[in-house]
Amino acid sequence: MSTKKVELIVSPATPHFVGDGFRVHNFIPSKFRLDMKRMDPFIMLDYNSKYDFPASENPKGVGVHPHRGFETVTVAYQGKIAHHDSNGGGGIIGEGDVQWMTAASGVLHKEYHEENFSKNGGVFQMVQLWINLPAKDKMSAPKYQAIKNDKITKVQLANNAGEVEVIAGEYKNVKGIASTFSPIHMLNVKLNKGAVANFSYPKEYNTAIVIIEGGIKINNNENAPTDHFVLFENDGENFKIEANEDAVVLVLGGKPLNEPIAARGPFVMNTQKELVQAFDDFNNGKFGYLE
Amino acid sequence: MGESKLIRFLASNIPIVKNEIYQHLETFTVKKVKKGEILLRQGDICSHTYFVEKGLLRYYSIDKKGKENVLQFAPENWFITDRESVFFNQPSNYYINALEDSEILVLEKDFSEKIALKNKDFERFNLQLLHNHIRHLQKRIELLLNATAEERYLYFINLYPDIILRVPQHMIASYLGVTPESLSRVRKELAIKNKK
């Protein structure tokens with residue numbers, strides 16, 4: 001077993017708005033070396049760093065849009081999001097919650113700041129990830145996993161060092177609640193200043209960290225500040241995180257699907273033909289209808 | 001210019017893209033325009049044809065009440081210009097603006113004539129494009145005169161498969177000559193009919 005070294009520490013891009021409610025820095029796929037193929041199965045990562053939204057009578061957000069061929073995972077750190085979809089589903093994603101939506105064959109949905117949050121305004125911070133689906137599952141039925149924070153498995157670290165929330169995959173043999181279509185680890189790691197946590201993923205797993213709070217040192221030698229993205233080499237297995245100050249980081253590790261990717265807008269399929277079909281189905285109302 | 005979509009577009013339609021076409025294309029300028037930027041205003045003389053490499057342009061008029069009427073969308077691989085102004089030297093009645101951050105090729109008004117003089121394949125293809133354009137305009141007149149909102153919408157999604165996701169619904173309604181409410185109703189009815 002050898003060390004999984006840091007390949008790149010990526011600073012956040014100039015933020016842009018998704019709709020009018022999400023002020024995000026895109027890391028995957030637009031940043032250098034963070035394209036879909038390299039990060040497979042993580043094909044998109046938008047990070048809304050802490051942003052203070054003023055009070056608004058009309059909730060800000062993103063209007064109706066479709067998805068097909070992947071899963072969207074929303075991790076809310078601060079603020080609340082309300083969502084609705086064309087199958088009649090909906091709900092509220094609160095602080096510390098995770099919403100795991102399997103768009104698969106297709107849904108229409110919309111996401112807005114939750115009504116009370118919007119009326120009062122406040123700090124908003126979240127990550128939205130797109131996770132690719134294996135070809136055989138792309139046209140399966142859509143589903144939701146609304147994971148409230150109290151349902152997320154938590155591993156307490158020794159010596160009051162902090163805790164690890166296991167959203168998906170596992171940590172120290174403790175499994176997360178989310179079911180996934182391919183092997184994925186997704187952890188919220190909360191470390192007190194000076195604390196250390198160790199991780200080990202197979203070398204082929206594409207592995208990354210988003211620094212949500214504080215700053216960390218990786219493998220004793222690489223410092224990553226708040227709001228940065230750390231990409232690991234596909235070599236070695238073990239890596240170590242040390243908190244330079246109280247820190248929260250999102251750790252991602254995923255086995256690449258190694259399948260062809262054909263992506264356009266909100267659809268991620270395997271072939272151009274399937275993409276054309278996705279647009280055609282959307283235009284013809286096969287994703288349903290949502291006001 | 002090796003990466004140009006225009007070169008690829010021509011190469012996929014003309015047996016061999018001769019050197020003279022490459023030579024001409026190398027003289028064209030690539031312009032980056034920001035979302036919202038206006039390339040042609042009413043009253044201007046339009047002196048170029050634009051080819052969209054990336055992004056989306058819109059060709060429209062503004063009537064006396066201030067209402068915008070969309071004549072054409074131009075996504076990737078489309079040409080867009082005001083022919084009355086560019087070929088008949090009239091002040092334009094129209095506007096062209098960018099609906100997305102775009103990259104466009106700015107083509108001189110006589111670009112196709114110059115290439116056509118040297119290359120018969122291009123001349124034939126260019127003529128075919130013109131006929132095709134007129135064919136679509138004729139179809140559009142017919143649809144506007146006597147088709148239902150649903151028939152207009154179905155023709156539209158065939159012509160512009162990915163536009164619905166890229167522009168506000170009121171602009172699509174304007175192109176179709178229906179109210180936004182009618183467009184919304186058509187899409188809802190289609191969804192009810194076609195949802196698996």
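What percentage of the 196 residues in chain B is buried?

A: The model is a predicted one. In chain B, buried residues account for 26% of the 196 residues. The secondary structure of this chain consists of 8 helices and 8 strands. Its C-alpha atoms occupy a box of roughly 55 × 40 × 30 Å along the principal axes. A compact globule with 196 residues would have a radius of gyration near 16 Å, and the 18 Å of chain B agrees with this. Contacts that reach along the sequence may be considered next: of those in chain B between residues at least 6 apart, 69% connect residues at least 24 apart.

One of its pairings can be followed in detail: strand S4 (residues 57-62) of chain B is joined to S5(B) by 6 bridges in the antiparallel sense. There, B:Tyr59 has B:Gln72 in S5(B) as its bridge partner.

Chain B also meets chain A, with 13 residues of chain B in contact with 11 residues of chain A. Helix H8 (residues 180-194) of chain B supplies 6 residues, the largest share of the side that touches chain A. Sorted by class, that side of chain B has 6 nonpolar, 1 polar and 6 charged residues.

The description now passes to chain A. Its secondary structure comprises 3 helices and 26 strands. The radius of gyration of chain A is 18 Å, close to the 19 Å given by the globule rule for 291 residues, so chain A is as compact as a globular protein of that length. The C-alpha atoms of chain A fill a box of roughly 55 × 45 × 35 Å along the principal axes. Of the 291 residues in chain A, 45% are buried. Among contacts in chain A between residues at least 6 apart in sequence, 71% link residues at least 24 apart.

Chain A contains an open sheet of 7 strands in the order S1-S22-S19-S24-S17-S14-S13, with antiparallel pairing. Strand S1 (6-10) and strand S13 (153-156) of chain A lie at the edges with a single partner strand each, so one side of each has no neighbour in the sheet. The twist here averages 20° from one strand to the next.

S19(A) is mostly covered, since 7 of its 8 residues are buried. Strand S19 (residues 206-213) of chain A runs antiparallel to strand S24 (residues 247-254) of chain A, and 7 bridges join the two. Across this pairing, A:Thr207 stands opposite A:Gly253 in S24(A), while A:Ala208 stands opposite A:Leu252 in S24(A). S19(A) is also joined by 3 bridges to strand S22 (residues 229-232) of chain A, again in an antiparallel arrangement. In that pairing, A:Val210 has A:Phe229 in S22(A) as its bridge partner.

The largest nonpolar core has 79 residues, and A:Val210, A:Val249 and A:Leu250 touch the most other members. Apart from neighbours within four places in sequence, A:Val210 is in contact with A:Tyr47, A:Val127, A:Phe229, A:Val249 and A:Leu250. A second, separate core of 29 residues includes B:Cys46, B:Val52, B:Leu105 and B:Leu183.

Not counting residues up to four places away in sequence, A:Pro142 touches A:Asn87, A:Thr102, A:Ala103, A:Ala104, A:Ser105, A:Gly106 and A:Val107. A:Pro142 and A:Gly69 are separated by 73 residues in sequence, with a C-alpha to C-alpha distance of 9.8 Å.

Methods. Residues numbered from 1 in each chain as written. Chains lettered and ligands numbered in written order. Predicted model: local features only at pLDDT ≥ 70, side-chain atom pairs only at ≥ 80, totals over all residues. Pairing = 2+ DSSP bridges. Helix = DSSP H or I, 4+ residues; strand = E, 2+ residues; numbered from the N terminus. Axes fitted to C-alpha atoms, helices over the stretch in contact; angles between N-to-C directions. Contact = placed C-beta atoms within 7 Å. Nonpolar A, V, L, I, M, F, W, Y, C, P; charged D, E, K, R; others polar. Rg over C-alpha atoms; globule rule 2.2 N^0.38 Å. Buried ≥ 20, exposed ≤ 12 C-beta atoms within 10 Å, placed from the backbone. Core = buried A, V, L, I, M, F, W, Y, C linked by C-beta atoms within 7 Å.
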